[in-house]
Amino acid sequence: GWGETWFDNAHNIVMNTLAVQGIVGIVLYVAMFATAIVMVWRGYRRKDIDLHIATTMTGFFVAHFIGNVFVFENPTSYLYFFFMLACANSLLSRGQRAEDRASTREGSSIAIGLTIVVTTLAAILIFILNVNVARANRATLRTLRSLYSITDPVAAYQATIAIPSPHIDDIRNDFARTVQQVIPEYAKHNQNDLAQKLLNLAFDELNKNRTLHPFDIRVQLQQAQLAENGAVLFQNVPLLFQAEEALMDALIKSPRRQQVQFTLAANKLQLRKFDEAIAIMQQAVSNDPKVGESWWRLALVQQEAGLGADAVATIREARSRGITFDARGEDIAKAILPPEAPTNITP
């Protein structure tokens, strides 16, 4: 089914590195561990560290590498991995630092001008990469809360995106996803104008993400879902065409993804474009005939299009191929197939 077609990282950093960065990347990755271990034992032979530290560090690097064969890195694992690298570097360079200090002339000091420049640059980087990001995150949280409390969420969002942040795309996605969840409540409380305004704002913000990440079709899928929900809530048919455009773009960029095909076929049904909906589902079946969901969705589209005989034929062909349906598919198949005539009649 389409739920198993999304992947981020392999749960094997070795294979993930090989897939993403190729032979050069995997050689450098393995060399990072090998170099650390070799340097640790060189340091042991030079008496820079004792046997306990050498074996502990070696054990850590080996264990970390083996662990990464079953998972991918995360900020926590990076933290202690690079901490251990830094620790090894510090311990192994003590002799060199002692020689450097001995060769340094007395009274030498770092220039005041250089200190000021480095300190200023560090402060600027901290502000840009830490302070601003934290401000944007806090502002995003306030914006999402305002969406649930219906307290001027548009102004709160505008204030949030005014804060420079490298995560502006995530802020837009979070805002649009939350808008999609809350606009039914706005409609219940007779806030249709504000709900429509938020929907349009979220859709436009997702357009910016499409420009920023044109091949991340999750953005198009989010746009389509947002537009279709709005079409139902506000009886706004043009929103269905906006959803269709987003899904067509997603299908061009990911033509074999079942989630896109299924969603687009349902959209075409709503627009009464029956032939196009059937063609999309037939392509889904052709792409992977073993997926039962494609078969019963094709039959459902045919049934909705008034082609009952074709729907029955589709279900029967799937049965003849040994295709297994999930619970929903079984219910739809039973509803489509004509009732079987009784075989035994007792007087």
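1. Ile128 counts as partly exposed, at 43% relative accessibility; here buried means under 20% relative accessible area, exposed means over 50%, and partly exposed lies in between, with a 1.4 Å probe and protein chains only. The residue is found in helix α5, which covers residues 112-149, where helices are DSSP runs of H or I with at least four residues, strands are runs of E with at least two, and both are numbered from the N terminus. This is a predicted model, in which local features need pLDDT of at least 70 and side-chain atom pairs count only at pLDDT 80 or more, while totals for chains, interfaces and linings use all residues. Residues are numbered from 1 along each chain as its sequence is written, and side-chain values use heavy atoms, with hydrogens and water left out.

2. Ile128 also belongs to a nonpolar surface patch of about 810 Å², made by Val117, Leu121, Ile124, Leu125, Ile126, Phe127, Ile128, Leu129 and Val131. Patches are made of residues with over 30% relative accessible area and no salt bridge, like charges being joined within 9 Å and nonpolar side chains (Val, Leu, Ile, Met, Phe, Trp, Tyr) within 5 Å. The accessible areas come from the Shrake-Rupley method with a 1.4 Å probe, and for residues only the protein chains shown count as cover.

3. Helix α5 packs with helix α6 (residues 153-161) at an angle of about 170 degrees, and their axes are 9 Å apart. That makes α5 roughly antiparallel to α6, the cut-offs being under 35 degrees for roughly parallel, over 145 for roughly antiparallel, 65 to 115 for roughly perpendicular, and oblique for the rest. The axes are lines fitted to C-alpha atoms, for helices over the stretch in contact, and the angles run from 0 to 180 degrees between N-to-C directions. The crossing of α5 and α6 is left-handed, a term that applies if the near helix is turned anticlockwise from the far one by less than a right angle, whereas clockwise makes a crossing right-handed.

4. Lys273 forms a salt bridge with Glu244, with the closest N and O atoms 2.8 Å apart. Lys273 lies in the loop between α11 and α12 (274-287) and Glu244 in helix α10, so the pair ties together parts that are 29 residues apart in sequence. The two partners can also be described by their accessibility: Lys273 is partly exposed, with a relative accessible area of 26%, whereas Glu244 counts as buried at 9%. A salt bridge here is a side-chain nitrogen of Lys or Arg within 4 Å of a carboxyl oxygen of Asp or Glu.

5. The structure holds 15 salt bridges, and a network of them links Arg210, Glu245, Asp249 and Lys253. In another of these contacts, the side chains of Glu330 and Arg319 meet at 3.1 Å, N to O. This pair links distant parts of the chain, with Glu330 in helix α15 (residues 327-336) and Arg319 in helix α14 (residues 308-320), eleven residues apart. Glu330 counts as partly exposed at 23% relative accessibility, and Arg319 is partly exposed with a relative accessible area of 35%.

6. Arg218 and Asp216 also meet through their side chains in a salt bridge, at 2.9 Å from N to O. Arg218 is exposed, with a relative accessible area of 52%, while Asp216 counts as partly exposed at 21% relative accessibility.

7. Gln235, placed in the loop between α9 and α10, has a phi near 50 degrees, a positive value in a residue other than glycine, and it counts as exposed at 66% relative accessibility. Arg272, placed in the loop between α11 and α12, has a phi near 65 degrees, likewise a positive value in a residue other than glycine, and it counts as exposed at 58% relative accessibility.

8. Gly230 lies in helix α9 (residues 218-234) and counts as buried, at 0% relative accessibility. The C-alpha atoms of Gly230 and Val38, 192 residues apart along the chain, are separated by 61 Å.
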